[in-house]
Amino acid sequence: MEKTKKMYVTAEEAAEMLGVSTGYAYKIIRGLNEKLKAKGYRTICGKVPTKYFEEKFYGLTVAM
């Protein structure tokens, strides 16, 4: 089976990648989702699109 990149980053994964608490990662994701909502996108609580997350955190790539 072919491996593909994850579509969403969860708060737990964001916390691990950024070296912050899970609670703070939820706060970061909430802020990113608010910006996406302002642009007219639908969002999922506790998750953020991987591509958008990588754009906002320069140099960060999400491993499979």
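Let us start with N33, which is buried, with a relative accessible area of 6% (buried means under 20% relative accessible area, exposed over 50% and partly exposed in between, using a 1.4 Å probe and protein chains only). This is a predicted model, where local features need pLDDT of at least 70 and side-chain atom pairs count only at pLDDT 80 or more, while totals for chains, interfaces and linings use all residues. Residues are numbered from 1 along each chain as its sequence is written, and side-chain values use heavy atoms, leaving out hydrogens and water.

Where does N33 lie? You will find N33 in helix α2, which covers residues 22-38. Leaving aside residues up to four places away in sequence, N33 touches T43, I44, G46, K47 and V48; here a contact means heavy atoms within 4.5 Å.

Now step back to the whole chain. Three helices and two strands make up its secondary structure, and along the sequence they follow the pattern β-α-α-β-α. These elements are DSSP runs numbered from the N terminus: helices are H or I with at least four residues, strands E with at least two. Of the chain's 64 residues, 30% count as buried.

Finally, look for aromatic rings. Searching the whole structure turns up one aromatic pair. The ring centres of F53 and F57 are 4.9 Å apart and their planes meet at 40 degrees, so the pair is tilted. For such pairs, rings of Phe, Tyr and Trp (its six-membered ring) need centres within 6.5 Å; planes under 30 degrees apart count as stacked, over 60 as edge-to-face and the rest as tilted. F53 is buried because its relative accessibility is 0%, whereas F57 is partly exposed at 24%.
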